[in-house]
Amino acid sequence: MPRWGMVIDVKRCIACWGCTIACKEEHFLPPGVFFNRVLIGETGKFPSSSKLIYPILCNHCSEAACVEACPTGATYIREDGIVEVDDDKCVGCRACLVSCPYQQRTYYDQEVKDREYFPGQGKTQLELLGEKLYPFKVGTVIKCNFCSERLEDGMKKGLEPGKDEEATPACVTICPVNARVFGDLNDPDSEVNRLIMEKKGKQLRKEFGTEPAVYYID
Amino acid sequence: MGKIHELVQTMFPPDGSGLKPYEWMMNPTRQREWIDKKGIFLWLAFFFSEIGAGLYFVSLFYEYKAGLILGWLITLFLGGLIHVLYLGQPTRAWRMFMKPNTSELARGMWIIGAFAALGFLQIVTAGGFNMVFNTIMAILCLLIISHGFATMNVIKALPAWSSTMVLPLSVISGIWVGQQVLQLMAAVSGTAGFASGMEIWAEVFFFAYFLCLLLYVWGTWHASDIGKESIKNLTNEELLKISLIGVVGLGVVLPLILTLIMWGGDTNGFLIFLRLASVCAGDLAMRFVIMKSAVYKPLI
């Protein structure tokens, strides 16, 4: 069984926010909701200062704080390592949201649902279509799922996640500089493992002991 | 235009509580889900559960049935109900009973369930005040008093909540407020001697509460940089008045003055009432600022 993971090369990232937009498009996310973000900061002091660009998404941790906090088992880790929310079981207590050190979850309430991309003009056909195609349940928590639908559909067609675009998360396929690589962390010969080994991939905020499946290289 | 402005206000309120894309998790970022908007229910639920269970706990020692009944009712009907109202899907609250091995929240549901059933039995049974019952109920009460802050305490991402002193502070404040409610009940029921006799415990719990509060601030300040940020937030523009007037003024200074006035058991009903009101306001303020000031560590 694979364990899906991602490697992000922060030196390659040009902060185009393509991943953020592709993700919003893929999941029909309402205004103000992001499963992918790009953080931009600085480190050091002039003249030895440098710019930091970190694309951020759910880390699909193997020791996920959100899973430990969930009182109903609605948040769970699939066999392939993807952390998902079963919205039929979620009670909307938001313990997962508060527990996540990466703050990668969003509470989907009526106010979020009612947001329009063109305020005061009603929802567009695309937004209405999105509510049908990708319905979120009000009063539950939503998050990145590594585009598990794409992965599953693609694999049914015999495609390989990480190699074939149709079977790879939208944020990876959109990246114009190939800063993101997706693959199987359990496969020692996978591209993700090669990059982690060769470029000493780091997990974000490792001190929380959550064992993220997203690694950063530079 | 108005609608756009409204949306922008909703997403990025001028009080700074909203997300600013360039600040989000780049600076210490405040937790919002358990205190802002509907999160206020959780703050109230923790408070009512605490004072209800605190009252029940202290009543056990005095075998004071009216205190048991009131404590039981407050815990279940104010604490429990408000807890459920906070949920995004209240009708699914029963699901939390099904997975007691998952989290503090789920275990809390079982504890409250056991408290409801055994407490009811203790209240309706003629010989309810026996050693076994009292011990079990006392343990359940302590677990309920600390339940709110215990669910916060396990969240490692927020150092202000995972501070060592959070649980002792919670337990002592619960017993302190519960003791105050019972003392007022004793005073208004005409048993002045009983109320006067309880004053020694008021003195003890007041100083224990004050000590826990100081240790919480000191411990969190020294625990980590982010803990220090959270403590600094207690005096930011938004929380300064609540911290000073609520936590310090009403939670510590006024109760101290009233305790000194009634020192040695020279109590009267009005002063006990005044101290109870002050202590409740101080406790609410203390819980509010602790919940509101906690921040996450920046990601990069």
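1. Contact range in chain A. The model is predicted. Take the contacts in chain A between residues at least 6 apart in sequence: 59% of them join residues at least 24 apart.

2. Make-up of chain A. Chain A contains 8 helices and 10 strands. Along the principal axes, its C-alpha atoms fill a box of roughly 50 × 45 × 35 Å. Of the 218 residues in chain A, 45% are buried.

3. Strand E6 of chain A. This strand covers residues 105–108. A:Arg105 and A:Tyr107 point one way from it. A:Thr106 and A:Tyr108 point the other way. In a regular strand, side chains alternate between the two faces of the sheet. Are these four residues of E6(A) buried or exposed? All are buried, A:Arg105 included.

4. The partner of E6(A). Which strand do 4 bridges join to E6(A)? It is strand E7 of chain A, residues 140–143. E6(A) and E7(A) run antiparallel. Within this pairing, A:Thr106 has A:Ile142 as its bridge partner. A:Thr106 is also one of the buried residues of E6(A).

5. Make-up of chain B. Chain B has 12 helices and 2 strands. Along the sequence the pattern is α-β-α-α-α-α-α-α-α-α-α-α-α-β. The radius of gyration is 20 Å, close to the 19 Å from the globule rule for 300 residues. Chain B is therefore as compact as a globular protein of that length. The C-alpha box of chain B is roughly 65 × 45 × 40 Å, taken along the principal axes.

6. Burial and contact range in chain B. Buried residues account for 46% of the 300 residues in chain B. Among its contacts between residues at least 6 apart in sequence, 72% join residues at least 24 apart.

7. The interface. How many residues of chain B are in contact with chain A? The count is 33, and they meet 39 residues of chain A. H1(B) gives the most, with 6 residues. By class, the side of chain B that touches chain A holds 17 nonpolar, 8 polar and 8 charged residues.

Definitions and conventions
Residues are numbered from 1 along each chain as its sequence is written. Chains are lettered from A and ligands numbered from 1 in the order in which they are written. This is a predicted model: local features need pLDDT of at least 70, side-chain atom pairs count only at pLDDT 80 or more; totals for chains, interfaces and linings use all residues. A residue is buried if 20 or more other C-beta atoms lie within 10 Å of its own, exposed if 12 or fewer, and partly exposed in between; C-beta atoms are placed from the backbone. Two residues are in contact if their C-beta atoms, placed from the backbone, lie within 7 Å. Ala, Val, Leu, Ile, Met, Phe, Trp, Tyr, Cys and Pro count as nonpolar, Asp, Glu, Lys and Arg as charged, and the others, Gly among them, as polar. Two strands pair if DSSP finds at least two bridges between them. The radius of gyration is taken over C-alpha atoms; the globule rule is 2.2 Å times the number of residues to the power 0.38.
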